[in-house]
Amino acid sequence: MSWCATLAQREGFANVTKERFVVSRRRTGFGDCLWSLASAWSYAQRTGRTLVIDWRGSCYVDQPFSNAFPVFFEPVEEIAGVPVICDDRVNQLSFPGPFFPPWWNRPSIDCINRPDEQIFRERDELTELFQAGDDNEANTIVCDACLMWRCGEEAERLIFRNIKLRSEIRARIEDLYEQHFSGHSIIGVHVRHGNGEDIMGHAPYWADSELALRQVCMAIRKAMALPYPKPVKIFLCTDSAQVLDHISGLFPDIFAVPKRFQAGLAGPLHSAEMGIEGGASALIDMYLLARCATVIRFPPTSAFTRYARLLVPRIIEFDLSNPEQLTLVDNPCEHFAAS
């Protein structure tokens, strides 16, 4: 992205020099991307700015100048009254300064490589800005950090209501739903392993991998003991073939969406080398989890299951301070996506 003060000409936008922007830049997994987008939308809505969804360099797309949003989602012109730019027009745009966070006021070439400590600093600067409730004099707010927990739940739900997966992905989800979900109450199990990746805040849950797997199995048994209106089936989503093999060996009737895994300890599924199909598979899992009757989140810090956390009737989570303790969360019935 070019961060110069001269705004490029853009077809269809009048008086562009008077526009102000919030740019949501993410290249990470979809859970992070969508939650951070909700935070950026919330600030854009409050301050009367245009929202730009810039997912170039995505871990799901191997073309650096391709915006991943329209690869996986239908293009949108606005979200609940907020104007949106979400396609490859971002390659022709230059946004008006000044910028916030201040880092982005540097010459473009100096903005490219940011050390981790700078990204964390920007996260904190944006958090302070969002929480203050005030507007900022900058014409362009650059949200290029993980912004989970920086907006209300209603903003998250609004994003999911207003963006739609591409039709071919939706069709695959409906086919799988008819094959496996129809006529059953589904227990969804998400196990975020990392497969050798630096999983940062999730790492404490895997300090003892045998204990971690025992916890997941304990949670499955607890979920199966709950009352359901229909016959129960178990749906497993994981980024690790080893986890899939282990849990399937203990629960033979479990089902999972067929997908390609990385080799053992070779890294996460959200990787450009997995191709666009890797991204589509992730979204299929994510959206099917949100249609379950109960979802087990391991670890509960994973943003991948945030959509399910908002919509599923019952959630089972884990407590690091007490590995034997499981927390059952009942969602308000008006938020249910399925039963």
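**A tour from the aromatic cluster to the sheet**

Begin by selecting F30, W55, Y60, F69, F72 and F73, which form one aromatic cluster (rings of Phe, Tyr and Trp, the last by its six-membered ring, pair if their centres lie within 6.5 Å; planes under 30 degrees apart count as stacked, over 60 as edge-to-face and the rest as tilted). This is a predicted model, in which local features need pLDDT of at least 70 and side-chain atom pairs count only at pLDDT 80 or more, while totals for chains, interfaces and linings use all residues. Residues are numbered from 1 along each chain as its sequence is written, and side-chain values use heavy atoms, with hydrogens and water left out.

Across the whole structure, a search finds 19 aromatic pairs. One of them, F30 with Y60, is stacked, at 4.1 Å centre to centre and 5° between the planes. F30 belongs to helix α1 (residues 30-47) and Y60 to the loop between β2 and α2 (68-72), so that the pair links parts of the chain 30 residues apart (helices, H or I, of at least four residues and strands, E, of at least two are DSSP runs, numbered from the N terminus). F30 is buried, with a relative accessible area of 1%, and Y60 is buried too, at 4% (buried means under 20% relative accessible area, exposed over 50%, partly exposed in between, with a 1.4 Å probe and protein chains only).

Next, select the open sheet of 6 strands, whose order is β3-β4-β2-β1-β6-β5, with mixed pairing (two strands pair if DSSP finds at least two bridges between them). Because β3 (78-79) and β5 (99-100) stand at the edges with a single partner strand each, one side of each is left without a neighbour in the sheet. Strands β1 (residues 21-25) and β2 (residues 50-54) run parallel and are joined by 5 bridges, with S24 standing opposite I53 in β2.
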